[in-house]
Amino acid sequence: MKRYRAVMKIVETGGFTRASEELGYTQSAVSQMVQSLEEELGTVLFIRSKKGVVLTPDGAELLPYIKNIYHAYRELTEKRKEMEGIQNATIRIGTFASVSCHWLPGLIKTFKEKYPLVSFELYQGDYTAIEQLVKDGSVDFGLINPQAVGDPELKTIPLKKDPMLAVLPLSHPLAEHKKILLEELASEPFILLEEGSLSEPMESFREHGIKPNIQYIVHDDYTIMAMIEKGLGVGILSELILNRADYKNLVRETEPPLARTIGVVLRIRRYSLLPAGNSWSISQKNMENWEPASKRGMEKKNSFRKKLNYGGEKMGHKNLTTLCYIQQEESYLMLHRIKKKDDMNQDKWLGVGGHLEEGESPEECLLREVKEETGLSLTSYLLRAIITFVSDTYPDEYMFLYTADGYEGTLTECAEGELKWIPRDEIGGLSLWEGDRIFFELLLTDIPFFSLKLVYTGDHLSDALLNGKPLALPPAITKVPSS
């Protein structure tokens, strides 16, 4: 993964020298990493010129996949630590200045007292940057005003209200007022804090039909306080940052009063970063004490469009499949495989899915296969597991297992078999693969995500491992010794 990280750091810093300094390698080592990856992919990723280093067209196209591979590997490492019960995970948080300075340190201190081996990485930016960090998987979650989040794939959880207050020079004529009208602030030279996709003061001005006299746009709260202290204008800042400020300014409530919401943003499908039994929960009640609690979902992962080398043999997309169980009330859509000739699944009942095609992510494959086999378009689905199939008869296979509870369209005839809605309590009586029976039962539990390895000898299940640990086979399955 060092090569992928090196590419990302070069893009972030704009050059090999700066990237090597931040990574702690020599520039020659970083160059060799990039060259090795370029040779493997059969293309050039960067153009080096007097103006600096920029991505080639191929590099720009491959960068999202490189990021996905790196972040997926990082999560795999954290998951392995979790399964082993090692509480030394790294939690990455996107945040903004006032929270990272005046709220987050206390929360981290409390958390570290309970989990001293857990480490933290903080990434600071404005609302837009924080949302993007969450979207591309660079951080596990972000602290943000939920109103600033526009992506429907992201989940927000409000935590607390933070009052917004007027800030004026000591000698300002409005100093005698206990509360400052928004109209009065708007007529003064106004210093606006640039916060990305949302500005709470500007939203309030617009809501009341007020156009402020903006003279300065600044990215740092402390710079604004210094400018106000020198009499350059007035502003509106959060109480959180003003409480610890040493600048000689006046602070007054506004009329009408203003406040912003501080909350958490995270991708809907993320999994716990902490060891089993101590998974992470974020709510308004327990955030004050930074308590570990309930579950999180697994992040979506994209498939690379070329064969990739994960430190071992190359794995093509034909080894990757998807399978989905679509739910309608208490029934699931099952496919009885009875139409296709020479079908290894002949007469078995399965969910819906198939092999990834070149360039597809698991989600793209899922949506395509469901549409082709059923005529339905999924609107709500969740990655629940990764299944590893090992067999002495067939090639190894890695399957992304989904459940879905939302769809549009009308069910159509399938060329590979008959589609039927089967009540949940009747599925156990169908002709299922032995391994399918195991992971379907696991899907009915409250386990948010799991990894299951199924080992077949011939057509019989000989071994199973759940999250890396041996799983007792059901009594109906006779364990076949591996040869």
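Buried means under 20% relative accessible area, exposed means over 50%, and partly exposed covers the range in between, with a 1.4 Å probe and protein chains only. By that rule Tyr407 is partly exposed, with a relative accessible area of 25%.

## Basis of the model

This is a predicted model, in which local features need pLDDT of at least 70 and side-chain atom pairs count only at pLDDT 80 or more, while totals for chains, interfaces and linings use all residues. Residues are numbered from 1 along each chain as its sequence is written, and side-chain values use heavy atoms, with hydrogens and water left out.

Helices (H or I, at least four residues) and strands (E, at least two) are DSSP runs numbered from the N terminus.

## Helix H7

Helix H7 spans residues 127-135, and its buried residues are Tyr127, Ile130, Glu131, Leu133 and Val134. Seen down the helix axis, these residues fall within an arc of 160°, so they line one face of H7. The arc is that of the directions from the helix axis to the C-beta atoms. An α-helix has 3.6 residues a turn, so residues three or four places apart point the same way. Among the elements covering the buried residues of H7 are strands S3 (90-95), S4 (119-124), S5 (141-144) and S6 (154-169), together with helix H9 (200-207) and strand S12 (258-267).

At the start of H7, a side-chain oxygen of Asp126 comes to within 3.2 Å of the backbone nitrogen of Thr128. A polar contact is a pair of N or O atoms within 3.5 Å; within protein, one must be able to donate a hydrogen and the other to accept it, and residues adjacent in sequence count only if both atoms are side-chain atoms. Following H7 is Gly137, with a positive phi near 85°.

## Helix H10

In helix H10 (residues 221-229), the buried residues are Asp221, Ile224, Met225, Met227 and Ile228. They cover an arc of only 160° around the axis, which puts them on the same side of H10.

The N-terminal end of H10 is capped by Asp220, which has a side-chain oxygen 3.1 Å from the backbone nitrogen of Tyr222. Just after H10, Gly231 has a positive phi of about 80°.

## Aromatic pairs and charges over rings

Rings of Phe, Tyr and Trp (its six-membered ring) pair if their centres lie within 6.5 Å; planes under 30 degrees apart count as stacked, over 60 as edge-to-face and the rest as tilted. The count by this rule is ten aromatic pairs. Phe96 and Tyr127 form an edge-to-face pair, at 5.5 Å centre to centre and 90° between the planes. This pair links distant parts of the chain, 31 residues apart: Phe96 is in the loop between S3 and helix H5 (97-102), and Tyr127 is in H7. Both Phe96 and Tyr127 are buried.

Tyr407 and Trp421 form a stacked pair, at 6.0 Å centre to centre and 25° between the planes. Tyr407 lies in strand S18 (residues 397-408) and Trp421 in strand S19 (residues 418-423), so the pair ties together parts 14 residues apart in sequence. Trp421 is partly exposed, with a relative accessible area of 25%. Elsewhere, ring pairs link Tyr325, Tyr332, Phe439 and Phe440 into a cluster. A charge sits over a ring if NZ of Lys or CZ of Arg is within 6 Å of the ring centre and within 35 degrees of the ring normal. Arg3 lies over the face of Tyr4, at 5.9 Å from the ring centre, and Lys160 lies over the face of Trp103, at 4.9 Å.

## Nonpolar cores

A nonpolar core is a set of buried Ala, Val, Leu, Ile, Met, Phe, Trp, Tyr and Cys residues joined through side-chain atoms within 4.5 Å. The largest has 31 residues, of which Val99 and Leu143 touch the most other members. At least two residues of this core come from each of S3, helix H6 (104-114), H7, S5, S6 and S12. A second, separate core of 29 residues includes Trp349, Ala385, Leu430 and Ile438.

## Loop residues

Ile210 is placed in the loop between H9 and strand S9 (213-218) and counts as buried at 13% relative accessibility. Leaving aside neighbours within four places in sequence, Ile210 is in contact with Leu182, Glu183, Ala186 and Phe205, where contact means heavy atoms within 4.5 Å.

A cis peptide bond with omega of about 0° joins Glu255 and Pro256; Pro256 lies in the loop between strand S11 (249-255) and S12. Glu329, although not a glycine, has a positive phi of about 55°, and is exposed, with a relative accessible area of 71%. Asp347, also not a glycine, has a positive phi of about 70° and is partly exposed, with a relative accessible area of 40%.
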